[in-house]
Amino acid sequence: MAATTFVLFWFQFRRTDVSMKAERLRVFKNETSAVPLQVRAGGLRWLALTSVTFEGRPGLEGGINEIGSGSSELVLRPSFAGRSEGLRVTLRAGDLLGLFTKQRTVTFKFVLESLPLALKRPPLPLVISPLSFGENPAGRSGSGQELYAVSEYQPGLDPRDIMWKRAAGMTDETIPIRVREANVRKVVSIGIKVGSRSEDERARRGDMIAEAIAQIGVQLFLIGTTLEITSPSPDGARRVLASDLGELADAASLAWTGDDLDLPMPSAAAGSFDLLITGPEESGITGLAALPRFRYMLVITDGLPPPYLPRGASVFTGLEDLTPVTSAVIAG
């Protein structure tokens, strides 16, 4: 009887499965969403399905809610921004006589994209220096070549901007002067070189990278600047361009951290990154030699600040306002 029960139980358990119709879900972090599941237990004649459980991971909580009629839902709540793949649930069942138990893990072909909160916050205005240079007009006075406005000459202004032809036709003693427009960069290059030593560290640092590039990108889009994000990968350099919120959301949900700190870091087209995002290990004295050239550095850390910071470096724990960093990068 036991042998017969086991054979029937084992055969029916092989037909037990759980599936998910959705292939992709995009939410903001700290939001709770439910994905429908379909549990098939082969008629439940020779077995009793005892539980369906979700295997959590760092930065992602979840659970199974039973709806009824063989339907359930997977409830997900990400606490970190980033991309989660290979989510798994475990099926546990026993035979009707209580003699045997068995479990099986199912891996879903499903992608959860958790977006950083910086994407939905109103950006703070940038302080653009009049001496900033680039290809795009900034919409304010500066040192570019295009005419921004006409004003009255005051002592100390560059006499080369005096509009002599217009001054000759003036009926009073005022002297018109050309006010030039400031220009900003058309593209800002960001390099990312951040390693991790555990799954938990990878999730936490990935969250900070996503918040950083989202906060910087939202501010740069206000002045018409595009982001070029580059990082090393086993297949060569990964380069992503983002010029609007949709493309920035795609970039922020990618996995920018890695386990292999020895991968070579590709350089930007100009030979130097406008901003380099690194971890505390890479920014140390011994790690700087392996980094490409950069104008400014942003060191992400989930603990104490590194004991040494190179010139032009700032620290980001995920909470700081990066407006000064973005303004400095724009100024060049």
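The following legends describe close-up views of a predicted protein model.

Residues are numbered from 1 along each chain as its sequence is written.

**View 1. Confidence of the model along the chain.** The predictor's confidence in each residue is given by pLDDT, on a scale from 0 to 100. For the protein, the mean pLDDT is 77, and 66% of the residues reach 70 or more. Elements are DSSP runs numbered from the N terminus: helices (H or I) have at least four residues and strands (E) at least two. The highest mean pLDDT among the elements, 94, belongs to strand β10 (residues 111–115), and the lowest, 48, to strand β11 (residues 136–141). The pLDDT lies below 50 over residues 130–136, a stretch that has 32 contacts in the model beyond near neighbours in sequence; a contact means heavy atoms within 4.5 Å. Residues 138–145 also have pLDDT below 50, with 36 contacts beyond near neighbours in sequence.

**View 2. The open sheet of three strands.** The strand order is β2-β10-β7, and the pairing is mixed; two strands pair if DSSP finds at least two bridges between them. Because β2 (24–28) and β7 stand at the edges with a single partner strand each, one side of each is left without a neighbour in the sheet. Neighbouring strands are turned by 15° against each other on average, direction ignored; the axes are lines fitted to C-alpha atoms, for helices over the stretch in contact, and angles run from 0 to 180 degrees between N-to-C directions. Five bridges join β2 and β10 in the parallel sense. The bridge partner of V27 in β10 is S114.

**View 3. The largest pocket.** On a 1 Å grid over the protein atoms alone, a pocket is an open set of points with protein on both sides within 12 Å along at least five of seven lines, whereas a cavity is a set where a 1.4 Å probe fits but cannot get out; lining residues have an atom within 4 Å of a point. The largest pocket holds about 470 Å³ of space, a volume being the space filled by probe spheres set on the points, which are joined across faces, edges and corners. Of its 24 lining residues, G82, R83, S84, R202 and A203 lie nearest the centre. The largest share of the lining, five residues, comes from α3. The lining has 12 nonpolar, six polar and six charged residues; Ala, Val, Leu, Ile, Met, Phe, Trp, Tyr, Cys and Pro count as nonpolar, Asp, Glu, Lys and Arg as charged, and the others, Gly among them, as polar.

**View 4. The second largest pocket.** This pocket has a volume of about 380 Å³. It is lined by 23 residues, and A118, R121, Q215, G318 and E320 are the closest to its centre. Helix α3 gives the most to this lining, with seven residues.

**View 5. The largest cavity.** The volume of the largest cavity is about 30 Å³. Its lining consists of V188, I190, I216, L220, L275, V325, T326 and V329. Two or more of these residues come from each of β14 (187–195), α3 and α5 (323–331), and α5 gives the most, with three. By class, seven lining residues are nonpolar, one is polar and none is charged.

Terms used
This is a predicted model: local features need pLDDT of at least 70, side-chain atom pairs count only at pLDDT 80 or more; totals for chains, interfaces and linings use all residues. Side-chain values use heavy atoms; hydrogens and water are left out.
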